[in-house]
Amino acid sequence: MKLGARILKTGIAITLALILATAFQLPSIAFAGISAIFAIQPTIYRSYLSIIEQIQANIIGAVLAISFGLIFGSHPVITGITAIIVIGLNIKLKSENTIPVALVTVIAILESPGENFTEVALIRFFTILLGVLAAFIVNLVFIPPKYEKKLYLRITENAENIIKWIRISLRKSSEHNILKDEIDKLKDEMLKQDILYRNYKEERNYFKRESYAKSRKLVLFRQMITTTNRAFFTLKRLHRLENELIQLPENLQKGLFNELEYLLYVHEETLLRFIGKIKTQPSTKLIDEGKFNKKQLMDAFMEYYKDHPTEYYHLLPLISTIIDYSEQIEHLETLISSFHSYHKKENEVKIDVG
């Protein structure tokens, strides 16, 4: 079983929260551990934003719980009504992520009946805040994950899988249902890729020079993701139109597949060029190299259109997707060439893929 940074951070935060609650001799220390679970965040920046929202949500939950408890008592129906109001207020304040901790506060306070209700309620409120604080400390101290490396590896893994299935599809070696399942899995992986990009974007640099380099890398990673998305759209089009492609004349099939195969090769090479695995060369347009010719591709299909107008309309989205894919690769090549040509010291890529 592989333990990720989020799992380790959660365990450490719970431990710290319980230790602090015990040190302060607080009753019901479990509430500190529970609140610490909800307060763990993947990045320091998001943790900073989260603690402000968590404190706000806890204050709202505590004030309403104490008020309703003093007026109506601690009946389960009152707890439920208070919870509904707290949820509504947090949604209104656009703090949906803090709802779980606020509800823990409501339940903890309203389930503490007795003569010393207010005192016990305040102690439990402080106990929950202690858990939030413990999680914040862990988020600050714990070594943050290297999102740059994680993001690059995720992008390359997704791109490699997509390229692999495009090649299998071009060789007509894939089963329709199997490829459909793989496309669904790839869709989930692409969503994870977007989450990693967001986490990487939220990482903060403390030096201006590093911030400039980070900005340039963000542009590059965004383009890598866009290019991978275009490859994914191409795979989906090939899958959807596999019957129409089989009916194409052999020479047109061969021409289309050769053009696409070249794009796949360039895409793979470009990703390796980013991390210095392939020597960086001056940016050249794909069309100028004579290996991917948009005009030639369109002319061939326009010729086909004269005798097969109906089939052409079905295939037009695929041609459009392939051309868009080529343009995104071309733009990515230009960005990487520029990235390695200027500000070489600041643009150091800290990725070791072995």
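Q: Hi! What order do the elements of the protein chain run in, from the N terminus on?
A: Going from the N terminus, the elements run α-α-α-α-α-α-α-α-α-α-α-α-α. Keep in mind that this is a predicted model.

Q: Thanks. How many helices and strands does that come to?
A: The protein chain has 13 helices and 0 strands.

Q: And how much of the chain counts as buried?
A: Of its 354 residues, 44% count as buried. The accessible surface of the chain comes to about 19400 Å², and 59% of that surface belongs to carbon and sulfur atoms.

Q: What about contacts between residues that are at least 6 apart in sequence: what share join residues at least 24 apart?
A: That share is 79% in this protein chain.

Q: Let's go inside. Which residues of the largest nonpolar core touch the most other members?
A: Those are Ile162, Ile166, Leu235, Leu256, Leu260 and Phe301, out of 34 residues in that core. The elements giving two or more residues to this core are α7 (147–170), α8 (176–202), α9 (208–240), α11, α12 (294–307) and α13 (309–341).

Q: Which of those gives the largest share?
A: Helix α11 does, with 8 residues of this core.

Q: Can we zoom in on isoleucine 166? What does it touch, leaving out residues up to four places away in sequence?
A: Isoleucine 166 touches Ala231, Thr234, Leu235, Leu238, Leu260 and Leu264. Away from this core there is also a second, separate one of 21 residues, which includes Phe31, Ala36, Ile51 and Ala108.

Q: Back to α11 for a moment. Where is threonine 270, and is it buried or exposed?
A: Threonine 270 sits in helix α11, which covers residues 250–274. It counts as buried because its relative accessibility is 0%, and the cut-off for buried is under 20%.

Q: Which residues does threonine 270 touch, apart from those up to four places away in sequence?
A: Threonine 270 touches Ile329, Leu332, Glu333 and Ile336. Take isoleucine 329: it is 59 residues from threonine 270 in sequence, and the two are 8.1 Å apart in space, C-alpha to C-alpha.

Q: Changing topic: how many cavities of 30 Å³ or more turn up in the whole structure?
A: The search finds 1. About 30 Å³ of space lies in the largest cavity.

Q: What lines the largest cavity?
A: The lining is Ala39, Ser47, Ser50, Ile51, Gln54, Val132, Phe136 and Asn139. By class, that makes 4 nonpolar, 4 polar and no charged residues.

Q: Which helix gives the most to the lining?
A: Helix α3 does, with 4 residues. Both α3 (44–72) and α6 (117–141) supply at least two residues of the lining.

Q: Last topic, the loops. What is phi of serine 28 near?
A: Phi of serine 28 is near 55°, a positive value in a residue other than glycine. Most residues other than glycine have a negative phi. Serine 28 is in the loop between α1 (5–23) and α2 (30–39), and it counts as partly exposed at 32% relative accessibility.

Q: And lysine 94, where does that one lie?
A: Lysine 94 lies in the loop between α4 (76–92) and α5 (99–110). Its phi is near 60°, a positive value too. Lysine 94 counts as exposed, because its relative accessibility is 69%.

Technical notes. Residues numbered from 1 in each chain as written. Predicted model: local features only at pLDDT ≥ 70, side-chain atom pairs only at ≥ 80, totals over all residues. Heavy atoms only, no water. 1 Å grid on protein atoms, 1.4 Å probe; cavity = no way out; pocket = protein on both sides within 12 Å on 5 of 7 lines; lining within 4 Å. Points joined across faces, edges and corners; volume = space filled by probe spheres on them. Nonpolar A, V, L, I, M, F, W, Y, C, P; charged D, E, K, R; others polar. Buried < 20%, exposed > 50% of the residue type's maximum accessible area, 1.4 Å probe, protein only. Contact = heavy atoms within 4.5 Å. Areas by Shrake-Rupley, 256 points an atom, 1.4 Å probe, with all protein chains shown as cover. Core = buried A, V, L, I, M, F, W, Y, C linked by side-chain atoms within 4.5 Å.
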